[in-house]
Amino acid sequence: QTITGSGTLTLGTSGETVSFASGVTGLNYPAFEAYKTSNQTLTDVILTKVQFETESFDTDNCYDNSTNYRFTPTVAGKYFVYTEVLTDAQTASNLNNQKLFIYKNGSEYKETINEFLSNPIRQTQINAIATIDMNGSSDYLEIYIILDTSNGSSGVVEGTVLYPKATIFGAYRIGT
């Protein structure tokens, strides 16, 4: 029913169910968050897909945490996407820069970068966020990273118990 005036609207009480009008749905679904539980080796200056192998949650089974490491939502809409990756150059004062990418359908959608050229470091986190339109059938998202070390050595994406959930990838639907 239509509500007029001002004041407080209370919907239901304990044990009751609240129904929404036709067309109103849980907009924050599908949703997922995944994280690393093991280190992943990065070859110097090579684009590498981050393999988030453990799910915190996956409301609609739309994230593949074992083969493609990608999110393919089954409902069309706008999605808030976030990722944070902890990298380690494995040697002090060796990390020149790192670039983090959100890919949509195999192409770069968003890039963030941390530069340390004048003062290289060993370890840092980088993050990226975006709001991305998804078609609900074939669109998919993946996370990639590039690590550039001053001596050309490999580094790692951290995913150990020492840094629990320091490397994450998630998304949820925010609307049509």
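In which sense do β1 and strand β11 pair, and over how many bridges? I looked this up in the predicted model. β1 and β11 (residues 168–175) pair in the antiparallel sense, over five bridges.

**Entry 1: strand β1**

I went through the bridge partners next. A34 has F169 as its bridge partner in β11. I also found four bridges from β1 to strand β4 (residues 54–58), and these two strands run antiparallel. There, Y35 has T54 of β4 as its bridge partner.

I then checked burial along β1. Five of the five residues of β1 are buried, so the strand is largely enclosed by the rest of the structure. A31, E33 and Y35 point one way, whereas F32 and A34 point the other way. In a regular strand, side chains alternate between the two faces of the sheet.

**Entry 2: F32**

I selected F32, which lies in β1 (residues 31–35). Its relative accessibility is 0%, and F32 therefore counts as buried, the cut-off being under 20%. Setting aside neighbours within four places in sequence, I listed its contacts as F57, D58, Y63, F71, Y82, F169, G170 and A171.

**Entry 3: the open sheet**

I traced an open sheet of four strands in the order β3-β9-β6-β7, with antiparallel pairing. β3 (48–49) and β7 (107–115) stand at the edges; each has a single partner strand, so one side of each is left without a neighbour in the sheet. β7 pairs with β6 (residues 95–104) over eight bridges, in the antiparallel sense. On β7, S107 stands opposite K104.

**Entry 4: salt bridges**

I recorded six salt bridges in the structure. Side chains of opposite charge can pair when their charged atoms come close.

One of the six joins K36 and E53, with the closest N and O atoms 2.9 Å apart. This pair links distant parts of the chain, K36 being in the loop between β1 and β2 (40–42) and E53 in the loop between β3 and β4, 17 residues apart. At 4% relative accessibility, K36 counts as buried.

K49 forms a salt bridge with E142, the closest N and O atoms being 2.6 Å apart. Here K49 of strand β3 is linked to E142 of strand β9 (residues 141–149), 93 residues apart. E142 is buried, with a relative accessible area of 2%.

E142 also meets R70 in a salt bridge, at 3.1 Å from N to O. R70 lies in the loop between β4 and β5 (77–88), 72 residues from E142 in the chain. I noted R70 as partly exposed, its relative accessible area being 21%. Through shared partners, salt bridges join K49, R70 and E142 into one network.

Terms used. Residues are numbered from 1 along each chain as its sequence is written. This is a predicted model: local features need pLDDT of at least 70, side-chain atom pairs count only at pLDDT 80 or more; totals for chains, interfaces and linings use all residues. Side-chain values use heavy atoms; hydrogens and water are left out. Buried means under 20% relative accessible area, exposed over 50%, partly exposed in between (1.4 Å probe, protein chains only). Contact means heavy atoms within 4.5 Å. Two strands pair if DSSP finds at least two bridges between them. A salt bridge is a side-chain nitrogen of Lys or Arg within 4 Å of a carboxyl oxygen of Asp or Glu.
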